[in-house]
Amino acid sequence: ASSAASDVYKDSIKGVDAAIAAGDKDAASKALTTAISEINRAASKGVFHKKTASRKISRITVAVNKIA
């Protein structure tokens, strides 16, 4: 289901991925904070299940923490 919430969620994930690819720890951390709130917002609006949201948050957090 495409909605404004899912579009914003996808954009926030892309921002985190771009910062990880660039190896920019500071930008990745800022993007992660935004992404987490957008994932939770999307979950609360029913875009996906709250446990799916939790899993997505966990995975991007691990990816950001892997940047040395």
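User: Why is Glu-38 called buried?

Analyst: In this predicted model, Glu-38 has a relative accessibility of 13%. Buried means under 20% relative accessible area, exposed means over 50%, and partly exposed is in between, with a 1.4 Å probe and protein chains only. The value of 13% is under that 20% limit, so Glu-38 counts as buried.

User: What makes the pairing of Arg-41 with Glu-38 a salt bridge?

Analyst: The closest N and O atoms of Arg-41 and Glu-38 are 3.0 Å apart. A salt bridge is a side-chain nitrogen of Lys or Arg within 4 Å of a carboxyl oxygen of Asp or Glu. The 3.0 Å separation is within 4 Å, so the pair qualifies. By this rule the count comes to one salt bridge.

User: Why are Arg-41 and Glu-38 separated by about one helical turn?

Analyst: Because they are three residues apart in helix H2, which covers residues 25–44. Helices here are DSSP runs of H or I with at least four residues, strands are runs of E with at least two, and both are numbered from the N terminus.

User: How do you know which residues Ser-12 touches?

Analyst: Contact means heavy atoms within 4.5 Å. Leaving out residues up to four places away in sequence, Ser-12 touches Ala-35 and Glu-38. Ser-12 is found in helix H1, residues 4–22, and counts as buried because its relative accessibility is 9%.

User: What makes Val-16 buried?

Analyst: Val-16 has a relative accessible area of 0%, so it is buried. This residue of helix H1 touches Ala-31, Leu-32, Ala-35 and Val-64, again not counting residues up to four places away in sequence. Its C-alpha atom is separated by 5.3 Å from that of Ala-28, twelve residues apart along the chain.

User: Why is Gly-46 called exposed?

Analyst: Its relative accessible area is 57%, over the 50% cut-off, so Gly-46 is exposed. Gly-46 lies in the loop between H2 and helix H3 (50–65). From Gly-46 to Ala-22, C-alpha to C-alpha, is 32 Å in space and 24 residues in sequence.

User: Now the whole chain: how many helices and strands are there?

Analyst: The protein chain has three helices and zero strands. Its radius of gyration is 12 Å, close to the 11 Å that the globule rule gives for 68 residues, so the chain is as compact as a globular protein of that length. The radius is taken over C-alpha atoms, and the rule is 2.2 Å times the number of residues to the power 0.38. Of the 68 residues, 32% count as buried. Among contacts between residues at least 6 apart in sequence, 63% join residues at least 24 apart.

Key: Residues numbered from 1 in each chain as written. Predicted model: local features only at pLDDT ≥ 70, side-chain atom pairs only at ≥ 80, totals over all residues. Heavy atoms only, no water.
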